Amino acid sequence: MTHQVLARRWRPRTFDQMVGQTHVLRALVNALKQQRLHHAYLFSGTRGVGKTTIARILAKCLNCEQGISAEPCDQCQTCVEINKGCFVDLIEVDAASRTKVEDTRELLDNVQYLPTRGRFKIYLIDEVHMLSGHSFNALLKTLEEPPQHVKFLLATTDPQKLPVTVLSRCLQFHLKSLSPTLITQQLKHILQQEKIDFEDAALSQLALAAKGSMRDALSLLDQAIAFADGVLTSQEIAAMLGNIEQHYLGEMMLALAAKDGHQLLAVVRGLAEQSPDFYQVLDELLSLLHHLALAQAVPDTYRHDHLADLDPQQFSREDIQLYYQIALIGKRDLAYAVDPQAGFEMVMLRMLAFQPATMAVGAKKSPAVTQQAVPDNTKLNSATQAPAQSNQAIAKASTKATAWSEIVDQLQLTGLTHALACNCVVKKQDEQMMQLSLAPQHAALLSAGQQQKLNQAVNKYFNKSMKLSIDVEKFEATTPAQIKQQQANERQEQAYHAISQDKQVQDLVSTFGAAVQQVTVPGQER
């Protein structure tokens, strides 16, 4: 058997062949060109993004017989042996299987000896976070001051588990997960070289399933080639990955658009006959809603390849956002359902039952929203008019006081600084300065520190540097604190009036001689 898996056959041998990770490659290439070499490198990142691959390429760059450079010849005996994994001066260690301190000491016993054939003796320690605490302690001194002929290349998927004493002795490079676009391009290149027919949609499915790992993508590609036995089609890949057929998602969305509960449940139960993973169904539904939202936001530039033949204009933007939020929360709660199918059906019925309430003035609410938003109690009609009456009270205040009150609400102040701002009024303002007045009875709130904090908040609000001054003097204008107190008094008066007019309360008053008292609940003055 001479077959070699794609992940090994297509493993990059030079930096130019690497996919992504340009931020890491740029630093390494420049360091090699300038001969600014560190004695210890740490490569971190999720599985299959190229940590060990970059370390091996770096080992070739350091030991190539043509000299140290960012472009190893890949032809000399050293490069060939490193590619085969049999170079005597490249010691690869799997820390997951050699965690004991005795293993580390045995490894370090040979550090002092010169390399046998190469320019450097290189220790490549994979999954270094698996070493024990004693092993790290044994490694520290050598890692900090190794001999000139030794380089350490460390790789880990969990850098948080490494002691800070180790991290501080290494140059750290974090490798990012690869985007589906980069993975798709690499898979397409490989299949073209392997002379295997494919559909672009099939490669997109594989790239998404790989979740940022090129090695996982190549492993899935190996499996897909064997599964499809010919052309890689989207249907074959969907069947291999267990993805649901897109027409189910499209039919569910159409049923939601038509508000047809019978059709919606019929599609869900037809889907259930395929024994799908309903967590995955919700994932694909979330992906579809995401693409619909993108198609609505940027219709001229978005490619409609993932819309399940749906027209984005069939749905309002509010509906898409609401469906997305319901599906997201439904996925979180699916584990608590009686069974996954029932939980998924409830998620879809929730999408059918709810719809966004319009905020336009004078707009009519849908029956569903009206039933949920308006309680069946006409006794509170007088209380519901409180916002309108509060607005009338605000309108009586001066324009400057109201504007300053609105600004104070957005300054995100707390404590004494907030109290100071609430008891001031704007005396004068222009592009460069703002002058405030503070009543004498509140002069104790004013200090240099509080004025400076208020000045910083005002500068942040206006996004420019302004000079703020505060004068203690009498004035006639209404302060934000007084406006808020007026609003609180009006709300209390309206509540008192609404309760006093309630028939049941009046019966209690007449029967038992009770009385309605006006009290303020602590913390509810606003």
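Which residues make a nonpolar surface patch of about 230 Å²? The patch is formed by Tyr324, Leu328 and Ile329. Patches of this kind consist of residues with over 30% relative accessible area and no salt bridge, with nonpolar side chains (Val, Leu, Ile, Met, Phe, Trp, Tyr) joined within 5 Å and like charges within 9 Å. The areas come from the Shrake-Rupley method with a 1.4 Å probe, and for residues only the protein chains shown count as cover.

The model is predicted: local features need pLDDT of at least 70 and side-chain atom pairs count only at pLDDT 80 or more, while totals for chains, interfaces and linings use all residues. Residues are numbered from 1 along each chain as its sequence is written, and side-chain values use heavy atoms, with hydrogens and water left out.

Helices (H or I, at least four residues) and strands (E, at least two) are DSSP runs, numbered from the N terminus. Tyr324 has a relative accessible area of 32% and is partly exposed, a class that lies between buried (under 20%) and exposed (over 50%), with a 1.4 Å probe and protein chains only.

The next topic is charged pairs. Side chains of opposite charge can pair when their charged atoms come close. A salt bridge is counted when a side-chain nitrogen of Lys or Arg lies within 4 Å of a carboxyl oxygen of Asp or Glu. Across the whole structure, a search finds 16 salt bridges.

One of them joins Asp216 and Arg47, whose closest N and O atoms are 3.0 Å apart. This pair links distant parts of the chain, 169 residues apart: Asp216 sits in helix α10 (residues 214–228), and Arg47 in the loop between β1 (40–44) and α3 (51–63). Asp216 is partly exposed at 24% relative accessible area, and Arg47 is partly exposed at 31%.

Another salt bridge connects Arg117 with Glu81, with 2.6 Å between the closest N and O atoms. Arg117 lies in the loop between α5 (101–108) and β3 (121–126) and Glu81 in helix α4 (residues 77–84), so this pair ties together parts 36 residues apart in sequence. Arg117 is partly exposed, at 38%, whereas Glu81 is buried, at 14%.

A further bridge is formed by the side chains of Asp333 and Arg332, at 3.0 Å from N to O. Asp333 is partly exposed, with 31% relative accessibility, while Arg332 is exposed, with 58%. Elsewhere, salt bridges that share partners join Lys427, Asp471 and Glu473 into one network.
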